[in-house]
Every structure is written in C-alpha cells, then in structure tokens.
Amino acid sequence: MMAQDAGMFTVHQTIGSVLCCKCGIRMQPNAANMCVKCLRSEVDITEGLLKRLVLVHCPECESYLQPPRTWVKLQLESKELLTFCLKKLQKNMNINKVKLVNAEFIWTEPHSKRVKVKVSVQKEVYNGAILEQSYLIEYVQQDHMCESCSRVAANPDQWVAAVQLRQHVSHRRTFFYLEQLILRHGAAARAVRIKQMDHGIDFYFSNRSHGNKFVEFIGKVAPVKSRSDKQLVSHDSKSNNYNYKYTFSVEISPICHEDLICLPPKAAAILGNIGPIVICTKVTNSIALLDPLTLKFGFLDAEQYWRTSFKSLLTSRQLVEYIVLDIEAVSSEITVGGMKYVLADAQVARVSDFGKNDTQFSIRTHLGHLLKPGDLALGYDLYGANSNDMELDRYKGYIPEVVLIKKSYEEKRQKRRGKPRSWKLKSLNMEVDDKIKVNEDKNDAEYENFLKDLEENPELRFNISLYQNKDYQPSEVASVTEDDGQPIPSVPDDELLAADLLAAEFDDLDLIEDGDGEDDMAE
Amino acid sequence: MATRLKFENSCEVGVFSKLTNAYCLVAIGGSENFYSAFEAELSDVIPVIRTSIGGTRIVGRLCIGNKNGLLLPHTTTDQELQHLKNSLPDQVRVQRIEEKLSALGNCIACNDHVALTHTDLDKETEEVVADVLGVEVFRQTVAGNILVGSYCAFSNKGGLVHPHTSVEDLDELSTLLQVPLVAGTVNRGSEVIAAGMTVNDWTAFCGADTTATELSVIENVFKLREAKPSAIVDEMRKSLFDS
C-alpha cells in the first residue's frame, strides 16, 4: 500500500492455489496449508475443555447457586442464565487459550434437569491458522434447597423482625386506609405473617432490614413515633455470631381526618395562634389543621405533634346531622391548602330538633361553597356535647356551638342501600387472633363508612387502587339516578382498574363527575 | 522416484544432505539408515560423500553446488576442504568463499544453468558463483522471503516454491529459470521447501511426514516418474569423452 502511495508501480498479486497436503483438493494457501476439513480432522481444539458441568438449583425458589454462598434467581433459557453458565467456563478456557466466540441454548425438556449450551470457540493452531469449532456443553441440574427456603420449611413461623403498628382510637378507619396503601405500594410483600391485633396490626419479617424498610414506609404515610428493641435468641461463642429478634413499636397519632380538636396553647403557638377549635382536614405524614372560623391553616409534622401530643375533642362517630336553614357567604372563595372554601354565616338546626322545637344556631362555617338552604350537613354539636377536655375548660374565649364538617348524603344513600358498588378493594392476608373479642357488626359498619369516605373524597382515593367489580350491574343504579336526577357520590369508571390487573397503575385523570357537584335537593 | 526418510527423527532431510547431478553430500552421525538410503539409490551412479562443514552437520544449508562446482563457506576447515576435494570427481571445482552470509545453502538456490540468490549477496560472491558453478545469477525473492535457498528447490526439470507465492511471481520466476514451477508444501504443510527435501534430475528425497498428495505434486513437477538415472549420466559421460 505504502509503495503505491509513493507512486511506485506494483504488480497486482493474485493468490495462487495449492493442493491441500492431506486430501489434495485445491485451496488457497493458509498458515497450515491444509484444507479446513483436514485441519478439523487433525486438531480438536475442544480437547481439554469442560463439557459437563453441575448447576445447583433450588426447586422452591427457582434460584441457582453461585459459589460460595449466593443464590441468584434465574429463568430457564434466559440471557442471565447463559451468562451464568458461561462464567463457569471462563477459567478453563483461559487455561486452554481458546477464545469464546458464540453461545446459544439448545432446547431441553424442563423436567430433564439438563441445560444444553452450544458454544463456538476459536484457537490458534499450526503457527498462525485460527480454527473455529463448536461443541455442546451439558449442564446437569442438581436440586438442593437454598438456605432461606430450608429455613422457611423448617420453621414457617420463624421471624426475625416484628413491627407492631398501633393507634389508640376507637375505630379502625386508619387501618383500612393503611391496608390499601400498603397493598398499592407492596410494602408488606416481604412479610412472613400479618396479624390483626386490638388497636392495631402486627407484621412479621424474616430480616431486620425488611422490617426497617416497612417502618420507614409507614413513617412516610402517617405521623408516627417509633422505637425499636432487640432480644438475644442465640449466641455462638466460637464464631461470635449473635442472633437477635428485633421489635419495632410504631404508634400512629390518634388524630384522624375530620376530627375536632381543641388545641393546647403550645400547639396553637407553633401554628401561628389559630383558634383553639380546629378541624383536622388531612392526615399524611403530617397533620393539616384548619380553623373553620378564620380559614387559617396549619401543618404539624410527626415530631411536632408528638412533642405537644394532644387528643381530639370529638371524632367522626359523634357527628350529628343538621339542616341548613339559611346561608350567606361572607367571603369570596379562598383556596386553602389545595381545597376551596367559602366563609359563610349560616342558620342551622339539628335534624332531631327540626320541626319539634325552635332551637336554631347562628354559626360561621367554612362550607359556604357547598351548602344551600335546605341541605343536610354533618357537624359537631359543641352546644350539647359534654366534653371532658382540660383544654376546653381552660379556654376562656369564644367557642362555637356547632362546627359543620361536611355535607350529608345519607338520604340519597338510603335509596342505594344494598346495591353493590361498581368497584371493590383488595385486602391484605391478615390473621385474626381468636382470643380477642371481635365485634362483627361494628367492623362491618366501620368498613362501610370507610367505603363511603372513599367515594366522597377524591384525594383520599389518590393513593389507593380501586378495581372493577365484575358482579356489578350498571343498569340498576342508572335507573335510580334517572329517577331523581341527582348524582350520588360515586367513583367514576376511569378510576377503576381491571380486576385482573395486579400492578396498580393509577391514572391521574380529571374527574368527570364529582360528588360535591351541583345538586338541588327537592324536599 | 521420491523417497521418504528421516535423519535422527527429524524430517528436514534437506538440512542434512545436498544432492546434485554429480555427487551427494551427507552429514556424519545419525544412524546408518540415513546413509544407506542414499547409497541404495545413488551409489551405482554418483559418489555419496559423508562430511561435515565447519564441524557442523547442517551440510545442506551451508554449501551450494551443481554438477560443475561446489561452493563452501569460510567456516569450512582445511581438512574438510581437502577431504571433499579428494572425494569429489575431478570436474567438480571446489572453492571456499569469503562471504558474510555464510549459510550459502539458504541464500542461493541453483540448478545446472541458473541460480537465484539472496538480494544482499556480495558482488564478488555473485561473480564467483557465476564462474565456479557456470550459471546465470539472478537476485530474487520468493513470496517476499529473501532466503531464496530455503523457500524454493529446483532442478533442471522443474521446481517447487513457497505455497504463498502469487501467480505473477510464479510466472516471473518460471520465466527466469526456464523450468515449470509449482507452489506447494512438503512435510505435511511445511513451507520451508528446501529444508524438507533435496532433489536432482532423476530422484528426490523428502521428509517422512510428507503426505501422499505432496509427494505426487513433487513427482509431477520434477518429472521423476519417467526419469532414469542412466540417461542423464550417459549424457554426462558423453561430454567427458568429448573433452
């Protein structure tokens, strides 16, 4: 080439042909001067290479042993399995100075316990000629239970870490919600056992790190305080191995959504002195508090709450129905913490009083955007309540008589009673302790309330996967709505997932129909 | 006819022997079998001489000769020189030359009429070659190798060259040497032709590893099938009588 570049004349060289020294056929000369077939018959470059190897396989968890102690989960005929098999050959090939060129699986019956790989290798022979040859390697699959599976089989109840989740309130609404959250995020996937206890749930894990991860997950979705302890189970003095059982005690704050709270002065001071009577509007890993009279807003995160731990004054069990007689907006629509409120003055009367006596209350409420005269609303009756709260007694200022919380859909709901919903929820696989007295009716009623809450609150649904109910008949409910023309709070179909979808992918769609939309209830 | 043999378990017979139309040099040592093989073929016709050159056994690679003369490197001792002069027929001129490239057998390849030499050979050596051997000298390479004496072997009838020689080179060499040439191998694919075999006009000796295919190629190109020693020697005798 260089000669040509320099301008010299070079003759074009045609490669002649010689006879193969063994078989005599015409061929182009190569380093060995033998045709490929003769070369192959002379030299076997696969001599000395491993052709039969052992793979240790655990039948329970479909994983293969990587010496000395790791177990890797691999699928048959997958790329990872091929890499795994070839790694075993590497050293042997390097010793024999062959180079791996290609490898592929040959199909074998899954029951045969053999994995066949066809491998092509190259090696240099006879001063320079590179010969390529392919051969078959057979891997024998030996069954051997891996340590974790044998531990599970030996003692299925064995746990190393336990997380005890507790909330000291009289209802289980929080746990229903948490259950859905856990299902959605798969936080309890590693739990060996889940047990329902009085005022809480216990989760058992086989590894301390799993338990820790779960505790951190809970810490992100609820305001909690936690502590952990360990207990020595066994001790090997020769190798200085200590086996422990770890316990995490996690307590969720007793403040729930829609609770009425009288803030102690310290807590009020942190939040900028909002009125002592506040409503809890949202509970995630921090508590959102709204003052209904001034529409002022405050957040308490878990640490702050536990420093000034206070209990709620009234919970949603104690909601009373009120009928709105007159309402007049006082302020314009204000967006507070992502929600729209309108401050209004209203005249209300308890439904129990309505028609019987003249007891009415003039109150200020934050639900001006929802309520119209004649609507039913649910609220706390501070006038008639007999509360045993030190903070309330200490407070000398103005205490409202009624605090409205939400609009009531009870009447409409009654028409639908007994008809199935178009959606359903999955549930965790929980054991229920027989020794604890369980009130079935109470549980059912609470669950029903929880489902109603889900229907009413789109933001509550945000983190939860709802599945389509296959048994649902749309025609029946449609007729109901057509009759009175008022939509009842329900979950739009776009939010539902197909029942067979295991991975929840929630579409954050704009809701077409909102439960709190227009409604004119004609009495 | 081509014969297959070994020298002390080595198949490189061209290293340990030198065969021309008038004489044959064979290395000392080794078993009598090697010597006997040559004797059986050649002793009626030409002298077979056992010798060493410079104390070494690689006589085939150190000296070069044809029916007219024999050239020896400067490492040849006086006794060896005398021995050779005594043993060879009188018309063969024996000469020791001073040449930097002392392995004359590797650097020069010749038959009775033409010689190919290493490109770096001295001018004087070239003249001596032309004079003593009575040949026309060409500086050439074979398949890009300058050691022409190793990578080709030719007689007055034909020649065998390195297998990687291109077609153009083959034509060019054939024109120069005026004999048919073929590219091939010896000793099971070995490219060093002249080390693996030694040849004259009627017979050839190859290493024992030479395959049947290679042997047939050799016999074809050197035309060994029809050759009878007597015809050639008669020709030589005739010329002797004439002079």
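**Packing of helices 5 and 6 in chain A**

Helix 5 of chain A and helix 6 of chain A are oblique to each other in this predicted model. The two elements, spanning residues 173–185 and residues 208–221 of chain A respectively, pack at an angle of about 120°, and their axes lie 12 Å apart. The crossing of helix 5 of chain A past helix 6 of chain A is right-handed. On the side of helix 5 of chain A, the contact is formed by A:Leu178, A:Leu181, A:Ile182 and A:His185; helix 6 of chain A contributes A:Phe214, A:Phe217, A:Ile218 and A:Val221. Seven of these contact residues are nonpolar and one is polar, with no charged residue present.

Chain A as a whole contains 13 helices and 28 strands. Of its 523 residues, 43% are buried. Among contacts in chain A with a separation of 6 or more, 65% join residues 24 or more positions apart.

The mean pLDDT of chain A is 79, with 85% of the residues at 70 or more. Confidence is highest in strand 9 of chain A (residues 161–166), at a mean of 92, and lowest in helix 13 of chain A (residues 474–484), at 43. The pLDDT is below 50 over residues 476–487 of chain A, a stretch with twelve contacts beyond near neighbours in sequence. Residues 500–523 of chain A also have pLDDT below 50, and this stretch has 40 such contacts in the model. Where pLDDT is low, predicted coordinates should not be read in detail.

How values were computed. Residues numbered from 1 in each chain as written. Chains lettered and ligands numbered in written order. Predicted model: local features only at pLDDT ≥ 70, side-chain atom pairs only at ≥ 80, totals over all residues. Heavy atoms only, no water. Axes fitted to C-alpha atoms, helices over the stretch in contact; angles between N-to-C directions. Helix = DSSP H or I, 4+ residues; strand = E, 2+ residues; numbered from the N terminus. Parallel < 35°, antiparallel > 145°, perpendicular 65-115°, else oblique. Left-handed = near helix turned anticlockwise from the far one by under 90°. Contact = heavy atoms within 4.5 Å. Nonpolar A, V, L, I, M, F, W, Y, C, P; charged D, E, K, R; others polar. pLDDT = per-residue confidence, 0-100. Buried < 20%, exposed > 50% of the residue type's maximum accessible area, 1.4 Å probe, protein only.
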